[in-house]
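Here is a short tour of a protein chain, written to be read with the structure open beside it.

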Amino acid sequence: MSGEKQTSARSGNRAALRAGIALSVFAAFIALLFYADPGDLYLWIKALHIIAVISWMAAIFYLPRLFIYHTDAPAGSPQSETFKVMEQRLIKVIMNPAMMITWALGLYLAWSVYGFSGGWLHAKMALVVLLTITHVYFTRSAKRFARDENIRPARHWRLMNEVPTVLMILIVILVVVKPFG
């Protein structure tokens, strides 16, 4: 095991299995919370939502950084091939599951706590839609990198790296301050 590369298919399969187990445990925990119906279910769901958001944001901040370095690696080089593996695993193991959990728990909270009402909530949801569009753009870009078809310079990825940051700042302000009733 010590001599095995982290970019091998075997290593990738183990990572996917561990991610699947972790997601299953997470889903089972959420289901158990709903079944047990603790008096503080809202706080549990809110905590899990925040954990999912942090995971999603960490991944969506990191992916364009990988693109910046990947842009400088010659197509077909060992570095480029390593970046391809890193990007795909980041998307499949962290970014996509975290986004789905964020959306599911966030919609539940928006419905159960706020009844989908409030100007701040509508603005927040619009920004989360923009964040999701950014996520999709990054995912499609990773597929282009995987085919050695990236046409964007590193500067583009440096600028795109700021989009999730700006959206996150605005979302946090809306959630904490709730400026529009």
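## Salt bridges

Three salt bridges are present in the structure, which is a predicted model. One of them joins the side chains of E81 and K84, with 2.8 Å from N to O. These two residues sit three positions apart in helix α3, about one turn of the helix. E81 is partly exposed at 36% relative accessible area, whereas K84 is buried at 11%.

K84 also forms a salt bridge with D148, where the closest N and O atoms are 3.0 Å apart. Because K84 belongs to helix α3 and D148 to the loop between α4 and α5, this pair ties together parts that are 64 residues apart in sequence. Another bridge is formed by the side chains of E149 and R147, at 2.9 Å from N to O. E149 is partly exposed, with a relative accessible area of 40%, and R147 is partly exposed as well, at 47%.

## Loops worth a look

At 34% relative accessibility, F116 is partly exposed.

Which residues does A75 touch, leaving aside those up to four places away in sequence? They are S80 and D148. A75 lies in the loop between α2 (41-72) and α3 (78-112) and is exposed, with a relative accessible area of 59%. From A75 to G119 there are 44 residues in sequence and 47 Å in space, C-alpha to C-alpha.

## Overall layout

Stepping back, the chain has six helices and zero strands, giving the pattern α-α-α-α-α-α along the sequence. Its C-alpha atoms fill a box of roughly 55 × 40 × 20 Å along the principal axes. Of the contacts with a separation of 6 or more, 73% are between residues 24 or more positions apart.

## The nonpolar interior

In soluble globular proteins, nonpolar side chains tend to be buried together. Here, 36% of the 181 residues in the chain count as buried. The largest nonpolar core holds 30 residues, and W56, L63, M95 and F138 touch the most other members. Elements giving two or more residues to this core are α2, α3, α4 (119-146), α5 (154-160) and α6 (162-177).

## The surface

The chain exposes about 10400 Å², and carbon and sulfur atoms supply 69% of that area. A nonpolar surface patch of about 500 Å² is made by I169, V172, I173, V175, V176 and V177. One of these residues, V175, is placed in helix α6 and counts as partly exposed, at 31% relative accessibility.

How values were computed:
Residues numbered from 1 in each chain as written. Predicted model: local features only at pLDDT ≥ 70, side-chain atom pairs only at ≥ 80, totals over all residues. Heavy atoms only, no water. Helix = DSSP H or I, 4+ residues; strand = E, 2+ residues; numbered from the N terminus. Buried < 20%, exposed > 50% of the residue type's maximum accessible area, 1.4 Å probe, protein only. Contact = heavy atoms within 4.5 Å. Core = buried A, V, L, I, M, F, W, Y, C linked by side-chain atoms within 4.5 Å. Patch = residues over 30% accessible without salt bridge, like charges linked within 9 Å, V, L, I, M, F, W, Y side chains within 5 Å. Areas by Shrake-Rupley, 256 points an atom, 1.4 Å probe, with all protein chains shown as cover. Salt bridge = Lys/Arg side-chain N within 4 Å of Asp/Glu carboxyl O.
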